[in-house]
Amino acid sequence: MLRNLLLVQMHWQLLALSLFCQMIISTIAARKRSESWRQDCRSCVECSQENGCLRCSERLFLFLNRQGMSHHGSCVHSCPAGHFGLRGKDVNRCMKCKAPECERCFNKDFCTKCNSEYLLFKGKCFKSCPEGTFPQSTDCIEGCMFDLIGSWGEWSLCQHNGMSCGVRWGQQSRTRGLSRQTPEKTETPCPDQSESRKCRMKKKCPKDRRKNERREERRKLKKKLKLSGNRTVTDPPWSV
């Protein structure tokens, strides 16, 4: 009988000790949560223990880290990957990029950097570059990758709207052949590289010069005929 009483007493003592230990552990955990909450709220203008930051200072962005049905807010200087900063009248927020393969974006529809498995082209992320473009580092570029071959050709005739004279200034150009260098071999050649420059033209065309010369000859002839028509012929006095 005495033995049974001792066993019951020991059982209750162990139970009480267990409850005391659990109470101490819960108190420590609550204290840690409280310290963590205070730590998270240091950069906040307004904060709650359940949801973290609710409002940030003017220079910071409010980032909501969603976990299932709940979310926890924090104030950050720059938004994390997959988000962009949107400044507003009341609060600056970190908004999510629309495309999941977008690592950085200017707005929700325009990517500025893609994830490692994608290539960037005009604000979109592609597994492979669109037709007419070629991969270069993390982007797709238009045109072709080329190496220069040969030297520049001769400058073309200085012209303006198909005319080689008659105006003061014109344009002339020259070309140089190119060779495509791409990861995939292709028979399509790159277009020749070209450059142009401003050039001085002959103000008067040769035809205009001959036309002016003929006009000047006709003018002199008319003047000569006019003078000969006005001349009067008189006989000398000794012929009477």
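Student: What makes C114 and C125 a disulfide in this structure?

Tutor: This is a predicted model, and in it the sulfur atoms of C114 and C125 are 2.0 Å apart. The cut-off for a disulfide is 2.5 Å, and 2.0 Å is within it, so the pair counts as a disulfide.

Student: How do you know which hand this link has?

Tutor: The torsion about the S-S bond of C114 and C125 is -95°, and the link is left-handed.

Student: Which parts of the chain does the pair link?

Tutor: C114 is in strand β8 and C125 in strand β10. The two cysteines are 11 residues apart, and the pair links distant parts of the chain.

Student: Why are C114 and C125 called buried?

Tutor: Buried means under 20% relative accessible area. C114 has 10%, so C114 is buried. C125 has 13%, so C125 is buried as well.

Student: How many disulfides does the structure hold?

Tutor: There are eight. One of them joins C56 and C75, with the sulfur atoms 2.0 Å apart.

Student: Why is the disulfide of C56 and C75 called left-handed?

Tutor: Because the torsion about its S-S bond is about -90°.

Student: Where in the chain do C56 and C75 lie?

Tutor: C56 belongs to strand β2 (residues 52-56) and C75 to strand β4 (residues 70-76).

Student: Are C56 and C75 buried or exposed?

Tutor: C56 has a relative accessible area of 7%, which is under 20%, so C56 is buried. C75 has 12%, also under 20%, so C75 is buried too.

Student: What makes C97 and C105 a disulfide, and what is its hand?

Tutor: Their sulfur atoms are 2.0 Å apart, and 2.0 Å is within 2.5 Å, so the pair qualifies. The S-S torsion is about -85°, so this disulfide is left-handed. Both C97 and C105 are buried.

Student: Turning to charged pairs, how many salt bridges are there?

Tutor: A search of the whole structure finds six. Among them is the pair D109 and K98.

Student: Why is the contact of D109 with K98 called a salt bridge?

Tutor: The closest N and O atoms are 3.9 Å apart. The limit is 4 Å, and 3.9 Å is within it, so the contact counts. D109 lies in the loop between β7 (102-107) and β8 (110-114), and K98 in the loop between β6 (93-96) and β7, so the pair ties together parts that are 11 residues apart in sequence.

Student: What makes R174 and E195 a salt bridge?

Tutor: The closest N and O atoms are 2.6 Å apart, which is within 4 Å, so the pair is a salt bridge. R174 is in strand β14 (residues 169-176) and E195 in strand β16 (residues 193-200), 21 residues apart. E195 has a relative accessible area of 31%, so E195 is partly exposed.

Terms used
Residues are numbered from 1 along each chain as its sequence is written. This is a predicted model: local features need pLDDT of at least 70, side-chain atom pairs count only at pLDDT 80 or more; totals for chains, interfaces and linings use all residues. Side-chain values use heavy atoms; hydrogens and water are left out. A salt bridge is a side-chain nitrogen of Lys or Arg within 4 Å of a carboxyl oxygen of Asp or Glu. Helices (H or I, at least four residues) and strands (E, at least two) are DSSP runs, numbered from the N terminus. Buried means under 20% relative accessible area, exposed over 50%, partly exposed in between (1.4 Å probe, protein chains only).
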